[in-house]
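Student: I'd like to learn how to read pockets in a protein model. Can you walk me through it?

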Amino acid sequence: MTSIRHNDGVLDAARDCVLAYGVRRTTLTDVARRAGVSRMTLYRRWPDVRTLVADVMTREWVRVIAELDMSDPVRAVVAGVRGLRAHPLWRKIVEADPELLLPYLLDRRGATHEAVLEVLERGFGDPRRARAVLLVAQSFLLSAPTMLGPVTADDLDDELTALLEGYLDRRESRDRRESR
């Protein structure tokens, strides 16, 4: 039997509630009603809405990352930032409940970070490089709206591409020199 903790129907219902009401105004009762399950069924798996929403965020954002073509890691990272920036759940949380993201920025890595790091480590072949790239990409994802006008999001994506290409070229050159 599939665990309800990974039940797409419940996660879909939670996503729909968050998109409609925001995290703060969503209740487990709303989600249970929309998913067609009892409230107690949800409470057995999720102690609160934030825990449920964390699972929804992980599922949604890992889907974006899973679709990336890592044959060109720089393009993949920029496409990932662009995809997350346009994702309706991301936009809703940033607009209505941005404080929900703070623990993942200041205190701990979440499941999404772990999934992204796994992909980046395969793409770049180095855990240090993967972490550096994730930090840069995360800043472009989170802070890009504060830098718009007269610059566009596409302009910033071009700059992210240039930054990553320059960083990776220099790192590879340094690695070659050190291996001699």
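Student: Which helix gives the largest share of the lining of the largest pocket?

Tutor: Rolling a probe the size of a water molecule over the atoms shows where empty space is left. Here, α8 supplies the largest share of that lining, six residues. A pocket is, on a 1 Å grid over the protein atoms alone, an open set of points where a 1.4 Å probe fits, with protein on both sides within 12 Å along at least five of seven lines; lining residues have an atom within 4 Å of a point. Helices are DSSP runs of H or I, at least four residues, and strands are runs of E, at least two, numbered from the N terminus.

Student: What should I know about the model itself?

Tutor: This is a predicted model, where local features need pLDDT of at least 70 and side-chain atom pairs count only at pLDDT 80 or more, while totals for chains, interfaces and linings use all residues. Residues are numbered from 1 along each chain as its sequence is written, and side-chain values use heavy atoms, with hydrogens and water left out.

Student: What is the volume of the largest pocket?

Tutor: About 520 Å³, where a volume is the space filled by probe spheres set on grid points joined across faces, edges and corners. Of its 29 lining residues, L84, T112, H113, V116 and Q138 are the closest to the centre. Two or more lining residues come from each of α4 (49-66), α5, α7 (102-106), α8 (111-124) and α9 (127-143).

Student: How does that lining divide by residue type?

Tutor: Into 22 nonpolar, six polar and one charged. Nonpolar covers Ala, Val, Leu, Ile, Met, Phe, Trp, Tyr, Cys and Pro; charged covers Asp, Glu, Lys and Arg; the others, Gly among them, are polar.

Student: And the second largest pocket?

Tutor: That one has a volume of about 200 Å³. Its lining includes R85, W90, R91 and L141, and α6 gives the largest share, four residues.

Student: Is R85 buried or exposed?

Tutor: Buried, with a relative accessible area of 16%; buried means under 20%, exposed over 50%, and partly exposed in between (1.4 Å probe, protein chains only). R85 sits in helix α5 (residues 73-86). Leaving aside neighbours within four places in sequence, R85 is in contact (heavy atoms within 4.5 Å) with W90, R91, F140, L141, A144, A153 and D157.

Student: How many helices and strands does the protein chain have?

Tutor: 10 helices and zero strands. Of its 180 residues, 39% count as buried.
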